[in-house]
Amino acid sequence: QVQLVESGGGLVQVGGSLRLSCAGSGRTFSSYAMGWCRQAPGAEREFVAAVSWSGSTTLYSKSAKGRFTVSRDKANDTVYLEMNSLEPEDTAVYYCVAGSSLDFGLNYDYWGQGTQVTVSS
């Protein structure tokens, strides 16, 4: 069974930091792009950040650029999202994603169950 399992979400104050992790299992993700999408309350899901299978290319949404950093550990099929300078608008369920190509949207083949990030003011 293919799974992406997120961890690291939680409650943080404005301006704080969190690091999300996602471990893949059930298949090898070394040839897959991996990344993160999120869904805020009452909003549609949106792309946040992703990294190519090689790790050499990264994509960021406008809101994530400069504050978030996506990275991966290919040997362990793990992807990370380091989030700094968090704002209340970053409050959302964050989903780990994986796909055969790097996409600046929601076109990913595999999705995790999500982890809640809440930024309090």
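Student: Hi! Before we start, how are helices and strands defined here?

Tutor: Helices (H or I, at least four residues) and strands (E, at least two) are DSSP runs, numbered from the N terminus. This is a predicted model, where local features need pLDDT of at least 70 and side-chain atom pairs count only at pLDDT 80 or more, while totals for chains, interfaces and linings use all residues. Residues are numbered from 1 along each chain as its sequence is written, and side-chain values use heavy atoms, with hydrogens and water left out.

Student: Got it. How many helices and strands does the chain have?

Tutor: There are zero helices and eleven strands.

Student: And how does its radius of gyration sit against the globule rule?

Tutor: The radius of gyration is 13 Å, close to the 14 Å that the rule gives for 121 residues, so the chain is as compact as a globular protein of that length. That radius is taken over C-alpha atoms, and the rule is 2.2 Å times the number of residues to the power 0.38.

Student: What share of the residues is buried?

Tutor: Buried residues make up 43% of the 121. Buried means under 20% relative accessible area, exposed over 50%, and partly exposed in between (1.4 Å probe, protein chains only).

Student: Switching to charges: how many salt bridges are there?

Tutor: Four. A salt bridge is a side-chain nitrogen of Lys or Arg within 4 Å of a carboxyl oxygen of Asp or Glu.

Student: Nice. Which residue does R19 pair with?

Tutor: R19 meets E82 in a salt bridge, at 3.8 Å from N to O. The pair links distant parts of the chain, with R19 in strand β3 (residues 18–25) and E82 in strand β8 (residues 78–83), 63 residues apart.

Student: Is R38 buried or exposed?

Tutor: R38 is buried, with a relative accessible area of 6%. Its partner E46, with closest N and O atoms 2.6 Å apart, is partly exposed at 36%.

Student: What about D90 and R38?

Tutor: Their side chains form a salt bridge too, at 3.0 Å from N to O. D90 lies in the loop between β8 and β9 (92–99) and R38 in strand β4 (residues 33–39), so the pair ties together parts that are 52 residues apart in sequence. Salt bridges that share partners join R38, E46, R67 and D90 into one network.

Student: Last one: where does S52 lie?

Tutor: S52 is in the loop between β5 (46–51) and β6 (58–60), and S52 is buried at 9% relative accessible area. Beyond its neighbours within four places in sequence, S52 is in contact (heavy atoms within 4.5 Å) with Y32, A33, T57, R72 and L102.
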